[in-house]
Amino acid sequence: MRNFSICAALLSISLCGLLNADEQLSMSDSDKAMYAEMVENNPAAMDIADGEETFNRLIGEEAYAKMLGVKAKDLPKYIAGFPRFVKPAGKVVTLAQTLQMAMADRGQNVPKLESKEIVTMSAYVKSLANDQKTNIDVKANKQMKEMMALGQAVFEERRGGRGLSCNSCHSPDIVGSRLRMQPLPDLGAKETAAAGTWPAYRMTQSAMVTLDKRMQQCMKNALLAEIPLGSKEMVALEVYVTNKTKGNAIQIPGLKR
Amino acid sequence: MERRSFLKGFGTAAACAALLPRMASAADEAKKVVGPNEMSIETAIAAITGGKPLTPSSKVSLSAPEIAENGAVVPVKVTVESPMTEKSYVKAIHVFATKNNNVRCANVYLTPANGEASFGTRIKLGGTQDVLAIAEMSDGTFLSGKQNVKVTIGGCG
Amino acid sequence: MAEMKTLIKIKPKTYAVGEIVKIDFMAMHPMESGMRKDKDTGAIIPAHYINEVNFLFNDKLLTKMITWESLSVNPVLTISLKVSGAGTLKVLAKDNKGQSVESTVAITPKG
């Protein structure tokens with residue numbers, strides 16, 4: 001009985017093979033409270049501290065604000081509106097992409113979106129907007145309107161080998177159902193607070209994960225063709241998903257299963 | 001059973017099941033591995049108490065979720081009733097995951113300067129089991145508290 | 001390996017002499033059990049975990065911890081401190097590969 005492999009298996013990325021298929025359990029309120037308390041000691045706080053150091057070393061708030069054409073003091077509110085159309089980019093971009101732009105601007109080597117530098121810096125920069133309400137404006141200009149429409153199309157398109165779309169699991173009439181004991185989250189619900197809580201620490205992965213990466217994980221698990229990070233389709237998905245929680249306060253880093 | 005109807009409707013079970021065989025065999029293989037610090041609960045308790053009696057006590061409160069949705073991160077909090085003075089204090093709190101390969105999680109040696117005998121952390125649980133806390137009191141007695149934690153691993157997300 | 005990253009938090013943020021505060025210590029650490037296999041090579045990943053953490057207040061030992069691989073990845077450790085006055089809280093953490101890190105935070109009671 002003692003020969004448990006502590007967590008060896010638990011820590012592997014996909015947990016699907018290990019579940020107790022017929023047991024349907026859910027947590028009591030006191031259990032939920034214990035988990036909720038964990039948000040206060042979120043290990044991703046260390047990633048954010050790291051991101052702050054990297055950001056101040058490589059870019060700096062002044063230079064960043066200047067590149068975006070906003071005053072440093074207006075940054076939090078501006079950050080709460082991403083993805084948005086950014087003039088120097090000439091297109092709708094995510095917060096992470098603006099950090100790549102700022103680095104290119106300064107003649108630095110530009111790390112990939114999934115690099116530690118960009119991930120931790122984007123989490124830090126988004127945390128500058130903590131407590132601000134998500135104020136994405138999908139009608140702000142024709143570029144945003146176009147991205148919103150594309151995002152919705154991608155969300156609803158059945159791109160999977162199993163004929164699934166994001167909407168198959170995240171549509172309003174299905175959310176709340178359970179998939180292998182995991183309630184299907186309503187991406188627009190206050191409790192999920194989806195867009196405002198990513199980057200988040202994923203306990204199943206013991207690491208901080210960004211929203212685009214999280215969406216890729218859904219694609220992988222549901223056998224949908226994977227959309228590359230930074231692609232137009234991925235940015236559009238982020239626009240669409242972020243717009244679902246418009247008005248929710250930003251709380252970075254989140255803590256997720 | 002909302003879940004079932006959902007699964008029927010979308011064939012998602014199949015999507016998940018596609019991942020099943022590989023994961024299961026990886027888990028089986030891992031089970032054979034013995035960790036470097038393997039220790040049973042009997043041995044671990046004896047190492048702490050030196051054979052002295054261990055008394056279950058309401059003074060030791062251990063809180064952990066009854067159902068942990070992820071065995072890799074299970075919050076555990078222990079508090080022990082004690083004045084925490086030089087005369088009477090809790091010398092140590094020991095936390096065990098009674099069925100892990102190495103049952104020891106942490107041995108926490110306190111001092112009166114802590115003001116309160118409390119310890120909190122997050123542990124990995126290899127499956128459903130009791131989490132046990134032993135309080136080593138300054139008078140040489142050993143008190144214990146425990147809680148069963150059911151580990152469920154759900155979701156395809 | 002890069003230096004172990006750590007974070008110390010005191011809760012609540014403001015406190016007076018005589019009050020009991022919570023100290024949260026977090027460290028970025030893989031906490032490898034020594035039982036996990038590398039997905040590609042099948043080789044066992046060697047155990048690598050924090051095995052000792054000492055909390056000192058004004059250089060006097062407050063709490064000593066012996067820790068094991070059963071703690072979660074990126075462990076969080078919480079203890080109490082009865083604030084006896086101003087000073088420095090130091091946390092020394094070390095792992096089974098001999099890597100160690102020292103982090104400090106100021107204890108500054110109000111009033």
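This passage describes selected features of a predicted model, taken chain by chain. Residues are numbered from 1 along each chain as its sequence is written, while chains are lettered from A and ligands numbered from 1 in the order in which they are written. Because the model is predicted, local features need pLDDT of at least 70 and side-chain atom pairs count only at pLDDT 80 or more, whereas totals for chains, interfaces and linings use all residues; side-chain values use heavy atoms, with hydrogens and water left out.

Confidence is reported as pLDDT, the predictor's confidence in each residue on a scale from 0 to 100. Chain B has an average pLDDT of 81, and 76% of its residues score at least 70. Over residues 1-31 of chain B, pLDDT stays under 50. For this segment the model has 53 contacts beyond four places in sequence, a contact being defined by heavy atoms within 4.5 Å. Where pLDDT is low, the predicted coordinates should not be read in detail.

Secondary structure was assigned from DSSP runs, with helices (H or I) of at least four residues and strands (E) of at least two, numbered from the N terminus. Helix α4 of chain B covers residues 41-49, and its buried residues are B:I41, B:A44, B:I45, B:I48 and B:T49. Here buried means under 20% relative accessible area, exposed means over 50%, and partly exposed lies in between (1.4 Å probe, protein chains only). An α-helix has 3.6 residues a turn, so residues three or four places apart point the same way. The exposed residues B:E42 and B:A47 are carried on the face of α4(B) turned away from its buried side. The cover over the buried residues of α4(B) includes strands β1 (54-56), β5 (90-97), β6 (104-109), β8 (129-137) and β9 (142-151) of chain B. Just after this helix, B:G50 adopts a positive phi of about 60°.

Chain C contains 0 helices and 7 strands. Its C-alpha atoms fill a box of roughly 60 × 20 × 20 Å along the principal axes. Of the 111 residues in chain C, 51% are buried. Among contacts in this chain between residues at least 6 apart in sequence, 56% join residues at least 24 apart. Strand β5 of chain C (residues 76-82) has 6 of its 7 residues buried, so this strand is largely enclosed by the rest of the structure.

Strands are taken to pair if DSSP finds at least two bridges between them. Strand β2 of chain C (residues 20-27) pairs with β5(C) in the antiparallel sense over 7 bridges, and C:K22 has C:S80 as its bridge partner in β5(C). A further antiparallel pairing joins β5(C) to strand β7 of chain B (residues 117-123) through 2 bridges. In β5(C), C:I79 stands opposite B:F119.

The loop between β1 (6-11) and β2 of chain C holds C:E19. This residue has a relative accessible area of 36% and is therefore partly exposed. Beyond its neighbours within four places in sequence, C:E19 is in contact with C:L81, C:K82 and C:V83. By contrast, C:E19 and C:G34 are 15 residues apart in sequence but 41 Å apart in space, C-alpha to C-alpha.

Aromatic pairs were also examined. Rings of Phe, Tyr and Trp (its six-membered ring) pair if their centres lie within 6.5 Å; planes under 30 degrees apart count as stacked, over 60 as edge-to-face and the rest as tilted. This rule gives 5 aromatic pairs over all chains. A:Y78 and A:F82 form an edge-to-face pair, at 5.7 Å centre to centre and 80° between the planes, and both A:Y78 and A:F82 are buried. The rings of A:F155 and A:Y240 have centres 5.0 Å apart and planes at 50°, so this pair is tilted. A:F155 lies in helix α7 (residues 142-156) and A:Y240 in helix α10 (residues 232-244) of chain A, so the pair ties together parts 85 residues apart in sequence.
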